[in-house]
Amino acid sequence: VGPPTPLADVQLVTPGPGYVWVPGYHAWNNSAYVWVPGRWTLAPRPRAVWVPGHWVRGRRGWYFQEGRWR
């Protein structure tokens, strides 16, 4: 069974310069999908871009592709 549609996250005001919003996602806990809320995080370097994690359907089912900095 694939993950549910992502929930809408509420982005509050950024905590300061250099912070990037990392959106929430559904994680699998071995029995059900659970929502992991989004958060502000400090970018590792100037102009870094967060590539969000996402679910991918493969031949053997669904797997989560972790988010990463680009």
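Rings of Phe, Tyr and Trp (its six-membered ring) pair if their centres lie within 6.5 Å; planes under 30 degrees apart count as stacked, over 60 as edge-to-face and the rest as tilted.

**View 1. An aromatic cluster is made up of Tyr25, Trp28, Tyr33, Trp55 and Phe64.** The model is predicted, so local features need pLDDT of at least 70 and side-chain atom pairs count only at pLDDT 80 or more, while totals for chains, interfaces and linings use all residues. Residues are numbered from 1 along each chain as its sequence is written, and side-chain values use heavy atoms, with hydrogens and water left out. By the ring rule, the count comes to six aromatic pairs. One of them is formed by tyrosine 33 and tryptophan 55, which are edge-to-face, at 5.3 Å centre to centre and 85° between the planes. This pair links distant parts of the chain, 22 residues apart: tyrosine 33 lies in strand β3 (residues 33-36) and tryptophan 55 in strand β6 (residues 54-58). Helices (H or I, at least four residues) and strands (E, at least two) are DSSP runs, numbered from the N terminus. Tyrosine 33 counts as buried, because its relative accessibility is 19%; buried means under 20% relative accessible area, exposed over 50%, and partly exposed in between (1.4 Å probe, protein chains only).

**View 2. Strands β2 (residues 25-28) and β3 run antiparallel.** Four bridges join them; two strands pair if DSSP finds at least two bridges between them. Tyrosine 25 has valine 36 of β3 as its bridge partner. The hairpin of β2 and β3 has four residues between the strands, and asparagine 30 takes a positive phi near 75° there.

**View 3. Histidine 26 belongs to strand β2.** With a relative accessible area of 8%, histidine 26 is buried. Leaving aside neighbours within four places in sequence, the residues in contact with histidine 26 (heavy atoms within 4.5 Å) include Pro3, Leu7, Tyr33, Trp55 and Phe64.

**View 4. Val20, Val22, Ala43, Ala48 and Trp50 form the largest nonpolar core.** Such a core is a set of buried Ala, Val, Leu, Ile, Met, Phe, Trp, Tyr and Cys residues joined through side-chain atoms within 4.5 Å. In soluble globular proteins, nonpolar side chains tend to be buried together. Apart from its neighbours within four places in sequence, tryptophan 50 is in contact with residues including Val20, Val22, Gly67 and Trp69.

**View 5. Proline 46 is found in the loop between β4 (39-42) and β5 (50-51).** Proline 46 counts as exposed, at 70% relative accessibility.
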